[in-house]
Amino acid sequence: MSLLSIVVPVYNGEAYLDTFVDSVAPLLATGQVQLLFVNDGSTDQTGRLLDEMALHQPSVAVLHVPNGGQGRAKNIGALAAVGQYLWFVDVDDLLIVASAPAFLLQLAGDADLVLVGYERVDVDTGRSLGQYLPAAPGIDGTPEKISRFDAYGHSAWNKIVRRELYLQSGHAFLEGVIHEDLAVVPLWLSRARKITFDRQVRYRYGVRASSSIHGNFSRHPDLIVALSHLMDNGDQDDARIGPSVIKELFFYSLPRYAGGLGKGCSWASYMQCYRDSMTMYRRIPAARRSRFTAQFSPASRIYIGATAAGCFFLPLVVSLAKRVRDARNA
């Protein structure tokens, strides 16, 4: 069994393969890492290129499956992987691991999760959009020492998860939705016995306006499905999982749709997003909603309450404020 399996779902990714594999090469050279591609029904040359790669590199494995989306591809890859740890990454991003043996030492202990630093990059301009470095160097912790799971993000690509934790009930990715990470990553954080924080940039994430999430204004029902799964499986940890739900509804999804008005998002789509979000929010029992919002600032709680009360224009104000902030930081 390998120490780490890097699971990579791929759909029509031939343009990224060489650069991505080069970034993983230092890890493969250790002999302790498996690189497992799941070809998710690609229609370009991805499948052929992957087969050629696996033929010449014993640490590379390839599965070919009918197209079923990233969640399904990740789950298929995870069940076929041979690593004690799983790292789910995207082929159009890059791994940055200069000293592979030192990096892998973090997986030799008893951590259930390793959170790594990352950098976000605008693919169109090449401009860095900032770095994220979790916690402090060398600190190991438990969920009880973390007050807000949403501060660590809901993406799987900066989290290396022990296979046994992934296999727990409710921890596999949702299939058929584009928010498959959000539905389960906070649950990993909640149920990990030990979490290691790696304060190094290990992952370079490319921000693309045309991605399945950022440029799509028709898949809001997927968010509702993901958040419902999160609440159904994380009801014993409202104080930390709850903010993830609120953040996605009020501070991400609604402002994103509002900011897209005139840029691919219609007024009807925005109002449908608003109605669906508020319907979900109001179905949460009042006491539970109170626990969800307790850790937000007074101003944020006012915004949440007013938006839920019918002020559907407030997310547009939040979107404009973010745009001004980003312009100043540019």
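This is a predicted model: local features need pLDDT of at least 70, side-chain atom pairs count only at pLDDT 80 or more; totals for chains, interfaces and linings use all residues.

Overall size came up at once: for 330 residues a compact globule would have a radius of gyration near 20 Å, and the protein chain has 20 Å, so the two agree. I took that radius over C-alpha atoms, and the globule rule is 2.2 Å times the number of residues to the power 0.38. Along the principal axes, the C-alpha atoms fill a box of roughly 60 × 40 × 40 Å.

Residues are numbered from 1 along each chain as its sequence is written, and side-chain values use heavy atoms, with hydrogens and water left out.

Next I looked up the secondary structure and found 12 helices and 10 strands in the protein chain. These are DSSP runs numbered from the N terminus, with helices being H or I of at least four residues and strands E of at least two.

Then I checked burial, and 52% of the 330 residues count as buried. Buried means under 20% relative accessible area, exposed over 50%, and partly exposed in between (1.4 Å probe, protein chains only).

For contacts (heavy atoms within 4.5 Å), I looked at pairs with a separation of 6 or more: residues 24 or more positions apart account for 79% of them.

How many disulfides are there? I counted 0, taking a disulfide as a pair of cysteine sulfur atoms within 2.5 Å. Cys 265 is in none, and its nearest cysteine sulfur, that of Cys 273, is 7.5 Å away. Cys 265 is buried, at 4% relative accessibility. For Cys 311, the closest cysteine sulfur is also in Cys 273, but at 16 Å it is too far for a bond. Cys 311 is partly exposed, with a relative accessible area of 26%.

I then turned to Asp 237, which I found in the loop between α7 (220–233) and α8 (238–259). Is Asp 237 buried or exposed? Asp 237 counts as buried, at 9%. Beyond its neighbours within four places in sequence, Asp 237 is in contact with Phe 149, Ser 190 and Gly 242.

My last stop was Thr 46, in helix α2 (residues 46–56). Thr 46 is buried, with a relative accessible area of 0%. Setting aside neighbours within four places in sequence, I listed contacts of Thr 46 with residues including Val 10, Asn 12, Leu 17 and Asn 39.
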